[in-house]
Amino acid sequence: MSCILITGGFGYIGSHTATILSENNKKFVIVDNFSNCKREIVDRLKMCTNDNVAHYECDIRDTKSLVKIIKENKVTSVIHFAALKSVADSIINPLEYYEVNVNGTISLLKAMKTTGVKKFLFSSTAAVYGEPDFCPIDENHKLKPLNPYAQTKIIIENILKDIVKSEINWSIVCLRYFNPIGSHKSGLIGDDPLMAKNSNLMPEIIKVVRGYKNHLDVFGDDYGTPDGTGIRDYIHIMDLSEAHVKALDFIDKNNGINFFNIGTGKGVSVLQLKTAFEKVSGFNLPIKISKRREGDCAICYANPKKANEILKWNSKYDLSQMCQSAWIFVEKNSK
Ligand code: NAD
Ligand code: WQD
């Protein structure tokens, strides 16, 4: 039976993807260094997957250990989530981002080369497009990184292009995720990072609900959008996770390298998300309009047609369902 190595499998996207892989009877083994997840995630993920969570505490920069793990588990493909992901933090600490994201990926690829594993699914991001020239953004849109985080993802994509040229039989897919939100239906796992470095919109909303903040700062209401606030492509975490199962099927049948946007194709403003969340939670979210956040663009949403047609993947959940599932995680985990 084939076995998938999941790096960063105890993080937000990795853990949700693990539940879907388990539902699809796929065998996997997780490698994580616990730098951005709580220890309790191990037991929680076991509850969501019928105990099916083989794992190692290991840093992806430790090539020797990765080789051992790959051999021990007869790994046949890799899904690579492990990375540092805060845009703001990457501007302050660029070297850490190049070290973990780029060097970490090189270490992992070396371990794969040593063991002859050539199937690779990589977590890329919509941040590679920077300030979009047009929306919906398709995969041929120019890559314009605005920060070190996005830069690391482009460097890795370029390394992967070179690998495919250098050796036969590599099969690589890069999924460029838009804005995942929500949680697993059990409410046992969700977006629950250790580092308080991320200030994405839904986690910020949840900080207000939990009383860690008095209000939500809305970064700018003077954009050229219908209500003046920024528009993004929010996607349910379970839809995003499902895309990995489809991408693995594709990797099994196709060599070379391919890039896919993973978004719904629908733009939603900050105020629309706030209202949708209030509706499902019954919670009134106080807001303050503050100035635009540096580096933010007005509008960013995907053209997901390539993933729809080639991967046979489609998003299923609407905005209300995304907010509902984010709310379930808050309710089930409020002390
Ligand atoms: P996350 O921080 O929740 O998960 C990453 C996991 O990797 C964590 O469990 C962390 O402990 C682990 N990790 C970090 N460095 C490691 C290392 N050196 N060795 C081993 N494990 C390590 O992040 P996420 O939101 O699940 O994101 C997963 C991937 O998707 C990342 O590559 C990220 O850049 C990408 N991505 C995320 C988003 C998003 O909005 N969440 C959007 C686009 C792309
Ligand atoms: C969304 C909208 C903000 C917080 C980033 C990365 C991207 C991906 C997802 C990793 C914007 C507004 C936010 C707040 C607000 N991650 N906002 N008040 O910036 O689209 O994307 O995270 O790869 O690569 O770039 O997501 O959730 O931070 O912001 O008004 O407190 O919410 O201005 O319009 P973003 P976000």
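User: Which residues does Thr-225 touch, leaving out those up to four places away in sequence?
Analyst: Keep in mind that this is a predicted model. Thr-225 sits in the loop between β8 and β9 (231-232). Once residues up to four places away in sequence are set aside, what Thr-225 touches is Ile-231, Ala-298 and Ile-299.

User: Is Thr-225 buried or exposed?
Analyst: Buried means under 20% relative accessible area. Thr-225 comes in at 9% relative accessibility, so it counts as buried.

User: How many of the residues of helix α7 are buried?
Analyst: Helix α7 covers residues 201-209. The buried ones are Leu-201, Met-202, Glu-204, Ile-205, Ile-206, Val-208 and Val-209.

User: What do the buried residues of α7 pack against?
Analyst: Both strands and helices are involved. The strands are β7 (179-181), β8 (216-219) and β10 (234-236). The helices that the buried residues of α7 pack against are α9 (270-281) and α11 (319-332).

User: Which residue just after α7 takes a positive phi?
Analyst: Look just past the end of the helix. The phi there is about 85 degrees, and the residue is Gly-211.

User: On to ligand 2: which element gives the largest share of its shell?
Analyst: The shell around ligand 2 has 19 residues, and the closest are Thr-125, Tyr-149, Asp-217, Arg-232 and Asp-296. Both α7 and β8 supply at least two residues of it. The largest share is 4 residues, and it comes from β8.

User: How much of the accessible area of ligand 2 does the protein cover?
Analyst: Start with the polar contacts: oxygen atoms of ligand 2 lie 2.5 Å from an N or O atom in the side chain of Tyr-149 and 2.5 Å from a polar side-chain atom of Asp-296. A nitrogen atom of ligand 2 is 2.7 Å from a polar backbone atom of Asp-217. On its own the ligand has 690 Å² of accessible area, and the protein covers 87%.

User: And ligand 1, how much of what it exposes taken alone does the protein bury?
Analyst: Oxygen atoms of ligand 1 lie 3.2 Å from a polar backbone atom of Gly-11 and 3.1 Å from a backbone N or O atom of Ser-35. A backbone N or O atom of Phe-81 lies 2.8 Å from an oxygen atom of the ligand. Taken alone, ligand 1 exposes 820 Å², and the protein buries 96% of that.

User: By class, what does the shell around ligand 1 have?
Analyst: This shell has 28 residues, with Ile-13, Asp-32, Asn-36, Lys-85 and Tyr-149 the closest. The element that gives the most is β5, with 3 residues. Sorted by class, the shell has 5 charged, 8 polar and 15 nonpolar residues.

User: Last one: which element gives the largest share of the largest nonpolar core?
Analyst: That core has 39 residues, and Phe-10, Leu-175 and Ile-262 have the most contacts inside it. Elements giving two or more residues to the core include β6 (171-177), α8 (237-253) and β11 (256-262). The largest share of this core is 9 residues, and it comes from α8.

Technical notes
Residues numbered from 1 in each chain as written. Chains lettered and ligands numbered in written order. Predicted model: local features only at pLDDT ≥ 70, side-chain atom pairs only at ≥ 80, totals over all residues. Heavy atoms only, no water. Near = heavy atom within 4 Å. Polar contact = N/O pair within 3.5 Å; in protein donor to acceptor, adjacent residues only side chain to side chain. Areas by Shrake-Rupley, 256 points an atom, 1.4 Å probe, with all protein chains shown as cover. Nonpolar A, V, L, I, M, F, W, Y, C, P; charged D, E, K, R; others polar. Core = buried A, V, L, I, M, F, W, Y, C linked by side-chain atoms within 4.5 Å. Buried < 20%, exposed > 50% of the residue type's maximum accessible area, 1.4 Å probe, protein only. Contact = heavy atoms within 4.5 Å.
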